[in-house]
Amino acid sequence: MSTSTAGAPLGAAAPGGAFGGALAVSVHGPRGVVDLTLPESATIAEIASAYAATAALPSPPVLVLASGRSLPPDATIEQAGLAAGAVLVAVEDTAPVPDRKRRTTPRGGPEGGGLVAGCGVALALLAVVAATASGHRTPVAVVLAIGAVLGVMPIGRRRVARVVTAPALAGAACVLVAWDPAAARLPTVLGAGALAAAVVAAVGRSLAAPGTPVAEVLRVWIWSGLGWFVLAAACALTGASAPTPWAIGFLLAVLAARWVPVAAVDVPDHYLIDLERLAITAWSARERPVGRRGRIVVPPEYVGDVAARGGRTVLASCAAILVVTATTGPLLLTTDAYPVDLIGSRCLVALGGGALLLAARGYRHVLARRMLRLAGVVGLLLVGGDLVRLSAGHPELRAQLTVALLAVAALLIVLGVALGRGWRSAWWARQAEVAEVLCGSGSVAAVVVASGLFRHLWEHNI
């Protein structure tokens with residue numbers, strides 16, 4: 001909103017600058033921007049009254065500087081130290097003056113449901129392991145199914161925590177019902193459980209009350225469950241080797257760490273594009289609006305809502321990445337395969353863990369960053385433990401591997417400290433970006449070997 005006012009108390013209008021004792025200032029407020037040309041003797045209260053009259057506000061607002069410092073209402077322009085082209089901000093009387101030192105980035109805490117969902121998945125996995133080891137799968141599956149049904153009900157005070165945990169319970173119950181001890185059928189069994197979790201997440205999302213912070217977490221449940229089901233079904237139908245679903249699932253989790261920030265923040269189009277101005281063209285008979293600029297005024301609460309939804313999506317996605325890597329990594333390294341395939345599996349897990357550690361540096365969300373770092377550390381620990389296991393019975397080889405692992409750990413600590421300090425340095429940021437790209441590219445190349453595709457092409461001379 002842009003206007004120039006002229007009145008007796010405020011002096012004559014001028015196109016800009018300062019001449020004849022008049023100054024041009026801009027007032028930004030809830031109704032847009034108003035350009036005023038004022039005499040130097042005008043007070044801050046008169047400026048607020050002029051803005052309220054021009055912007056059709058019920059009462060004069062409080063004027064502050066762009067830095068947040070308030071201005072005394074009885075002070076004149078000269079006393080306030082305002083120069084030509086000064087920018088003032090109009091705020092409501094009840095609105096607090098923004099504090100630039102206060103943290104405005106939403107943390108997306110436990111109410112987002114990502115951390116609760118991760119704990120639910122962990123408990124469901126423990127229930128599956130305990131039930132399969134003891135042989136009491138049916139009663140445990142019934143209890144888990146009842147818990148899933150009660151979890152999607154939109155009743156009770158803890159319904160947000162229950163609805164994000166219900167998919168994990170349903171998936172665990174389905175895994176127990178379809179359990180098969182054969183290693184070749186385990187991906188299909190987990191695929192059935194993932195599909196059940198996606199269905200329960202869709203039901204919970206449809207029953208949840210509008211405005212509850214569960215839609216983003218349940219959307220991650222739906223896409224993760226459907227993705228794993230499609231992957232497991234495709235591998236089963238094509239007769240792929242046993243390590244193939246674990247290798248592809250681990251790689252997708254590593255790559256998702258780069259995709260999540262892009263897809264997390266979804267800003268409505270009407271906040272980015274002025275549809276009214278797009279509809280008024282040279283061929284339109286409608287009158288082109290004049291005297292306003294910055295027609296799109298986004299309320300602060302909408303900005304906070306978009307940021308909060310993005311934070312919940314990032315947190316839930318990072319929790320899913322942690323669960324997938326912690327599940328597929330051990331299964332990939334322990335699946336019976338040819339030696340060349342195991343070499344590819346170790347390279348995939350090691351490079352994927354490094355990529356996750358480096359990808360975590362770009363996350364502002366504290367919990368999401370810690371989850372990605374934990375996923376990367378889990379991958380490196382799995383490879384280190386596998387190498388130590390292979391050296392059993394060879395004391396010299398075990399000693400050499402221990403020294404090498406300690407050296408790598410010390411190097412990672414030094415690099416982590418340097419990178420943690422050095423985001424003010426463009427050189428460190430560039431080196432970290434190059435290292436992340438190399439680890440990601442190596443992971444994509446290693447999945448060809450880990451899945452057995454390279455060996456298959458070699459054996460058939462393709």
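Biologist: What makes β4 and β5 count as paired strands, and which way do they run?

Modeller: This is a predicted model, and in it four bridges join β4, residues 62-65, to β5. Pairing takes at least two bridges, so the four found here qualify β4 and β5 as a pair. The two strands run antiparallel, and Leu-65 stands opposite Leu-88 in β5.

Biologist: How do you know that β2 pairs with β5, and in which sense?

Modeller: Again by the bridges. Strand β2 (residues 22-29) and strand β5 (residues 87-91) share three bridges in the parallel sense. The cut-off is at least two, so three bridges make β2 and β5 a pair. Ser-26 is the residue opposite Val-87 in β5.

Biologist: Now to the helices. Why is Arg-346 called buried?

Modeller: Its relative accessible area is 16%. Buried means under 20%, so Arg-346 is buried. You'll find Arg-346 in helix α12, residues 339-359. Leaving aside neighbours within four places in sequence, Arg-346 is in contact with Leu-333, Val-383, Asp-386, Leu-387 and Leu-390.

Biologist: Which residues touch the most other members of the largest nonpolar core?

Modeller: Ile-321, Leu-348, Tyr-363 and Leu-372, out of 41 residues in that core. Several helices supply at least two residues each, among them α11 (300-334), α12 and α13 (366-390). The largest share, 10 residues, comes from α8.

Biologist: What does Ile-321 contact, leaving aside its neighbours within four places in sequence?

Modeller: Ala-253, Ala-256, Ala-257, Val-260, Leu-356 and Leu-372. There's also a second, separate core of 29 residues, including Ala-124, Ala-173, Leu-176 and Ala-201.

Biologist: How many cavities of 30 Å³ or more does a search of the whole structure find?

Modeller: One. The largest cavity has a volume of about 100 Å³. A cavity is space where a 1.4 Å probe fits but cannot get out. Its lining has 13 residues, and the closest to the centre are Pro-154, Arg-159, Val-163, Ala-208 and Ala-209. Helix α5 gives the largest share of that lining, three residues.

Key:
Residues are numbered from 1 along each chain as its sequence is written. This is a predicted model: local features need pLDDT of at least 70, side-chain atom pairs count only at pLDDT 80 or more; totals for chains, interfaces and linings use all residues. Side-chain values use heavy atoms; hydrogens and water are left out. Buried means under 20% relative accessible area, exposed over 50%, partly exposed in between (1.4 Å probe, protein chains only). Contact means heavy atoms within 4.5 Å. A nonpolar core is a set of buried Ala, Val, Leu, Ile, Met, Phe, Trp, Tyr and Cys residues joined through side-chain atoms within 4.5 Å. On a 1 Å grid over the protein atoms alone, a cavity is a set of points where a 1.4 Å probe fits but cannot get out, and a pocket is an open set with protein on both sides within 12 Å along at least five of seven lines; lining residues have an atom within 4 Å of a point. Grid points are joined across faces, edges and corners, and a volume is the space filled by probe spheres set on the points.
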